[in-house]
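Look over the sequence and the model first.

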Amino acid sequence: MNDIEVLVIEDDVRVADVHCRFLEKIEGYKVIARANTGEEALDWLQSFSPQLILLDVFLPDILGVDLIDKIKEVSPTSSIILITAATEAHIVQKAYRKNVTDYILKPFTFEQLKESIEKFRYKHLLLKNNENFTQEKIQYLWPKAGSSGPGPQETPLLLPKGIDPTTMNHVINHLSLMENGSTAELLGKNIGVSRSTARRYLEFLVTQKQVYTELTYGTVGRPERRYFISQ
């Protein structure tokens with residue numbers, strides 16, 4: 001499988017270097033160009049259409065959220081992850097309306113970026129598949145599809161510290177696609193988080209009866225704990 005091509009649009013050279021170093025650590029991604037301004041980015045996009053763009057908001061010549069429409073005109077198939085220090089409501093709202101793939105706040109960690117782009121990778125592979133989609137795969141692309149949401153008498157689940165609802169839904173969606181269940185280590189690798197993080201979410205879901213476990217034995221006789229979506 002060919003590497004996923006990435007364009008980094010970031011005016012701070014040091015931050016752009018961090019993006020590139022992080023991506024070098026993740027198999028299957030290749031930075032093919034860097035741009036310091038919106039104009040430079042659009043020039044690059046005349047020559048190629050990367051599958052993924054890492055985009056800053058505060059560029060010297062244009063706001064990143066205002067650049068998105070121009071990017072889509074030139075390279076409509078490119079997905080965009082915003083990586084920015086911008087927390088202003090109007091910027092976040094505009095990014096949401098423009099359907100960016102993800103929104104990461106600076107400063108960020110390697111694990112945050114890895115988790116974000118691995119989510120993108122899985123969706124990218126799903127959309128390249130020419131086979132008919134199952135409901136589970138459709139719900140991975142649109143997590144709320146087929147769900148009417150909580151009823152008027154339902155009380156929202158109070159999540160404990162260390163459990164993020166977005167990551168939890170990602171764990172549920174991914175595990176639902178694994179017919180033979182998964183170990184915490186395998187799930188962590190697949191969604192781009194550590195084994196301990198995957199186990200924390202899985203064990204929480206066990207307490208909520210959304211996931212159940214079974215002990216299986218490998219070739220050397222060592223038991224392993226596998227997790228399955230409850231039916």
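**Helix packing in a predicted model**

The crossing of helices α2 and α3 is right-handed; a crossing is right-handed if the near helix is turned clockwise from the far one by less than a right angle, and left-handed if anticlockwise. This is a predicted model, in which local features need pLDDT of at least 70, side-chain atom pairs count only at pLDDT 80 or more, and totals for chains, interfaces and linings use all residues. Residues are numbered from 1 along each chain as its sequence is written, and side-chain values use heavy atoms, with hydrogens and water left out.

**Whole chain**
- The protein chain has 9 helices and 7 strands (DSSP runs, H or I of at least four residues for helices and E of at least two for strands, numbered from the N terminus).
- Of its 231 residues, 40% count as buried (under 20% relative accessible area, with a 1.4 Å probe and protein chains only).
- Take contacts between residues at least 6 apart in sequence: 58% of them join residues at least 24 apart (contact means heavy atoms within 4.5 Å).
- Carbon and sulfur atoms hold 50% of the accessible surface of about 13600 Å² (Shrake-Rupley method, 1.4 Å probe).

**The α2/α3 pair**
- The axes of α2 (residues 38–45) and α3 (residues 64–74) come within 10 Å and cross at roughly 10° (axes are lines fitted to C-alpha atoms over the stretch in contact, and angles run from 0 to 180 degrees between N-to-C directions).
- The two helices are therefore roughly parallel (angles under 35 degrees; 65 to 115 counts as roughly perpendicular).
- Gly38, Leu42 and Leu45 of α2 meet Leu67, Lys70, Ile71 and Val74 of α3.

- Helix α7 (residues 165–176) has 12 residues and spans 16 Å between its first and last C-alpha, close to the 16 Å expected (1.5 Å times one less than the number of residues).
- Buried residues of α7 include Met168, His170, Val171, His174 and Leu175.
- The axes of α7 and α8 (residues 184–191) come within 11 Å and cross at roughly 110°.
- The contact is made by His170, Val171, His174 and Leu175 of α7 with Leu187, Asn190 and Ile191 of α8.
- α8 packs against α9 (residues 195–207) at about 110°, with the axes 8 Å apart.
- Here Ala184, Glu185, Leu187 and Gly188 of α8 touch Arg195, Ala198, Arg199 and Leu202 of α9.

**Helix α5**
- Helix α5 (residues 110–128) has 19 residues and reaches 27 Å from first C-alpha to last, close to the 27 Å expected.
- Among its buried residues are Leu113, Ile117, Phe120, Arg121 and His124.

How values were computed:
Buried means under 20% relative accessible area, exposed over 50%, partly exposed in between (1.4 Å probe, protein chains only). Angles under 35 degrees count as roughly parallel, over 145 as roughly antiparallel, 65 to 115 as roughly perpendicular and the rest as oblique.
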